[in-house]
Protein chains: 2
Amino acid sequence: MAKKDVQRGKALEKIQAHLLETGLAETGVRQLAAAANISDRMLLYYFEDKTDVLAAALSSISAKVVMTLSMAVPSDAKMSPAELITTAAALTRGDAMGPEMRLFVECVAAAARGEAPYEAIAKQIMEGFLIWVDAHLDIEDEGERRATAAMLLALIDGIALLEICTDEARGDLAVRGATTWLD
Amino acid sequence: MAKKDVQRGKALEKIQAHLLETGLAETGVRQLAAAANISDRMLLYYFEDKTDVLAAALSSISAKVVMTLSMAVPSDAKMSPAELITTAAALTRGDAMGPEMRLFVECVAAAARGEAPYEAIAKQIMEGFLIWVDAHLDIEDEGERRATAAMLLALIDGIALLEICTDEARGDLAVRGATTWLD
DNA sequence: TCCATTTTGTAGCACTTGCTACATGTATAC
DNA sequence: GTATACATGTAGCAAGTGCTACAAAATGGA
């Protein structure tokens, strides 16, 4: 029994790396199994079914994202919207979390069409982000803070979207625009 | 020859409606054909292949989106960022353009994984939006206007994303946050 | 009318999909 | 050692994929 769990864990890690590399394009059981260096037969021995594999992998990635965010900034740090956007942009853009953001967008899209594990995952990441933003906003009034947090979250996600289908320069531009206006 | 084109046009319109209803979830040739009330054999008689069908349908939808945007606002109207966000939110959210926005997000996600017709379409819609935003921004300095436009575009897209995977209330909140800060 | 072209249906191919039945190997408990 | 549970390979199924070959029908021009 122990061995199964260990092997399952190893497979899961390789599959996470695979998803971060290739997105949701290659998520067939045979492809996932190949990424984990095992047979599809074994993949479905370690996991209930394909949905179970994806849910586990994506959930783990989402947890790491939230962890990364909270580790990167002292938990009691409070910032202005402009500072927060700058910080968030530095974290989410570029190589560090770029793949995660792309994967996240694909999850949202998959969630939009109601596919099985994606809806929950997309929501999970979104909420995690929102809590992080809210927690570091230097705004007393709760109503205003929540509205600002929602706006900043949308902005961060939107910049990711913008970069996916145009280029990095557009992202830079958007960040610059945000910092000037949100000061 | 004429008949083929006419039938092709009819099929195309039904397929557009189908895509707006169901997103990119049901894009098999048989499913697209069913949506157009023809046999798959005929669909591939009217169009080169599946990619051709989707490219034609999505391209047409994207053109309509751009048209809707430009029709909704006088071409010489200039607005502050806050006014523009309010206007854009009113247009893109809700029943009027909601389906289009959802479809757009799915296109971006598909583009992220490099699938055939989606990359071009996503870019096309994004650029159309950007031009529209830029054209109605009441900002003299070109550099500042372009940065602000990119930021607003990201914000609009981000709000769409936010609404897809949480709910409408979050979108409201984000719009409120945006209008207070961008004034 | 006859011929050529366009339009349409039937059937199917080669491939991928998620998943499973069955058998065999291997380790562990007694 | 033998029984029992776990682990893993081989093979394959039923359904779905995009697409096409072939032939019959409809259409139009001479």
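Chain A is superposed on chain B by a rotation of 180° with 0.0 Å of shift along its axis, and the RMSD is 0.0 Å. That is the relation of a two-fold axis. The superposition is by least squares on the C-alpha atoms of residues with pLDDT of at least 70 in both copies. In chain A, the residue closest to the rotation axis is A:Gly158, whose C-alpha lies at 1.9 Å.

The model is predicted: local features need pLDDT of at least 70, side-chain atom pairs count only at pLDDT 80 or more, and totals for chains, interfaces and linings use all residues. Residues are numbered from 1 along each chain as its sequence is written, while chains are lettered from A and ligands numbered from 1 in the order in which they are written.

The two chains touch through 41 residues from chain A and 41 residues from chain B, where contact means that C-beta atoms, placed from the backbone, lie within 7 Å. On the side of chain A that touches chain B, helices H6 (94-112), H7 (118-135), H8 (142-165) and H9 (168-181) each supply at least two residues. Helices here are DSSP runs (H or I, at least four residues), numbered from the N terminus. H8(A) gives the largest share, 16 residues. This side of chain A has 27 nonpolar, 6 polar and 8 charged residues. Nonpolar means Ala, Val, Leu, Ile, Met, Phe, Trp, Tyr, Cys and Pro, charged means Asp, Glu, Lys and Arg, and the others, Gly among them, are polar. Because 100% of the interface residues of chain A are also interface residues in chain B, the copies meet through the same surface.

The largest nonpolar core has 130 residues, and A:Val105, A:Val108, B:Val105 and B:Val108 have the most contacts inside it. Such a core is a set of buried Ala, Val, Leu, Ile, Met, Phe, Trp, Tyr and Cys residues joined through C-beta atoms within 7 Å. Leaving aside neighbours within four places in sequence, A:Val108 is in contact with A:Ala122, B:Val105, B:Leu161, B:Ile164 and B:Cys165.

B:Leu58 lies in helix H4 (residues 50-72) of chain B. B:Leu58 counts as buried because it has 26 C-beta neighbours inside 10 Å; the cut-off for buried is 20 or more. Not counting residues up to four places away in sequence, B:Leu58 touches B:Cys107, B:Pro117 and B:Ile121.

Around DNA strand C there are 17 residues, of which A:Gly28, A:Asp49, A:Lys50, B:Lys3 and B:Lys4 come nearest. A residue is near the strand if its C-beta atom, placed from the backbone, lies within 6 Å of it. By class, this surface has 5 nonpolar, 4 polar and 8 charged residues.

How values were computed. Buried ≥ 20, exposed ≤ 12 C-beta atoms within 10 Å, placed from the backbone.
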